[in-house]
Amino acid sequence: MQLIKYPPRSEWDSILVRPSLDTASLFGLVQNILDDVRRNGDKAVFEYERKFDCVSLQSLKVSDKEIQQARQAVPEALKQAVYLAKRNIEMFHATQKRDFQKVETCPGVTCWQKASPIEKVGLYVPGGTAPLFSTVLMLALPARIAGCKEIILCSPPDKDGQIHPAILFAAETAGVTDIFKIGGVQAVASMAYGTESVPKVYKIFGPGNQYVTAAKQLVSLKDVAIDMPAGPSEVQVIADETANPAFVAADLLSQAEHGVDSQSMLVTTSEKLVFDVSEQIDIQLFDLPRREIAEKSLINSKIILFDTLRDVVDFTNAYAPEHLIIETKNYHEIAEQITNAGSVFLGHYTPESAGDYASGTNHTLPTNGYAKAYSGVNLDSFIKKITFQEITEDGIDRIGPAIEIMAATELLDAHKNAVTLRLRTGNRKSSNCK
């Protein structure tokens with residue numbers, strides 16, 4: 001990891017640069033695949049599965065028999081872990097349900113809002129370097145709680161034409177409607193446009209490589225909504241002299257093993273901690289099965305030493321990390337000052353891994369600084385809100401004159417007339433909204 005000591009604020013912009021995905025350079029290739037699937041449906045999908053996933057499939061849809069076999073193949077200990085995670089994720093997301101009250105904004109003018117689930121959602125779950133069955137829980141459970149009628153899942157098959165049993169078990173447990181053996185761009189296209197096998201959805205969720213990211217960006221321009229912009233995963237750790245160096249190193253490495261373009265950042269005011277954490281990284285890295293991936297990721301990663309806690313907080317809000325771990329003696333005080341982060345992990349015994357799997361919060365989070373404007377996936381991600389209003393004769397009398405003058409000023413006479421005709425009906429006298 002690159003060590004940066006006491007950088008002046010004038011240099012922060014260069015330090016904040018992330019490893020980036022150049023998806024724009026892929027748009028031509030990706031668009032061709034999207035267009036092919038839109039025109040040719042299942043036929044194109046089968047061809048791309050042969051080309052990219054190296055498998056000849058007889059059917060795209062996962063059968064009930066395959067789900068049953070997957071259920072039997074998953075070890076009991078993993079099943080119990082999934083059940084625990086499911087319970088916590090459900091509990092946390094269920095608390096996000098809200099009742100909306102009717103508001104009389106003016107006598108005779110009543111407004112309210114209704115939450116309505118997105119009827120059809122599509123989930124993409126990668127299966128390349130790791131079977132991300134936890135992502136199935138993070139996406140499907142809130143969708144089911146929100147009331148989505150159709151929850152479609154696509155995940156790439158292996159060379160034997162099978163999806164990892166843990167993914168299938170998690171999908172069944174979380175209430176996924178239909179599962180399809182489709183990976184990459186062709187999966188995004190199938191859900192965005194629909195094929196003979198795959199239903200068209202209204203919103204697509206889930207992580208993926210640069211091709212999947214590019215595909216989601218392109219289909220979101222006019223065809224379907226997506227969860228959020230995506231980039232490589234990242235973590236920032238704020239730590240002081242009270243932190244356990246082994247814990248901090250483990251937290252940094254748990255992010256680094258995600259992928260070679262992931263980024264881990266340690267921000268601290270303790271020079272001794274810098275030395276101790278660096279030593280622990282070398283020790284722990286040696287035993288990691290994904291050591292080669294983590295080592296490449298650490299090239300993109302940084303340890304930054306600051307003079308003051310104020311600089312630490314300001315830098316963190318400028319970086320807007322996807323995951324933020326605060327391992328300090330006054331972590332609650334620091335947390336109150338954080339305005340930009342995807343998910344925050346407080347104290348010495350709260351690793352990012354907890355949120356990734358089983359604490360209950362969602363692990364689908366904004367990356368690449370998008371936490372300045374985007375939230376992570378939550379119940380609202382699967383809901384659209386419809387507004388209603390009802391105006392009585394007294395209500396239109398009260399607000400009508402204001403509408404007339406505003407519409408006239410904008411030179412929209414038909415807008416004005418729609419109110420004027422109602423005010424004239426019954427020759428009523430208008431009054432102010434008080």
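## Ground rules

Buried here means under 20% relative accessible area, exposed means over 50%, and partly exposed is in between (1.4 Å probe, protein chains only). At 22% relative accessibility, D223 therefore counts as partly exposed.

This is a predicted model, where local features need pLDDT of at least 70, side-chain atom pairs count only at pLDDT 80 or more, and totals for chains, interfaces and linings use all residues. Residues are numbered from 1 along each chain as its sequence is written, and side-chain values use heavy atoms, with hydrogens and water left out.

## Salt bridges

A salt bridge is a side-chain nitrogen of Lys or Arg within 4 Å of a carboxyl oxygen of Asp or Glu, and the structure holds 21 of them. In one, D223 pairs with R38, with the closest N and O atoms 3.6 Å apart. Those two sit 185 residues apart, R38 being in helix α2 and D223 in the loop between α9 and β8; helices (H or I, at least four residues) and strands (E, at least two) are DSSP runs, numbered from the N terminus. R38 is also partly exposed, at 37%.

Then there's K216 with D227, closest N and O atoms 2.8 Å apart. K216 is buried at 5%, and D227 is buried at 13%. Elsewhere, R9, R310, D311 and D314 are linked in a salt-bridge network.

## Helix α10

Nine of the 12 residues of α10 are buried, so the helix is largely enclosed by the rest of the structure. Among the buried ones are P245, V248 and D251.
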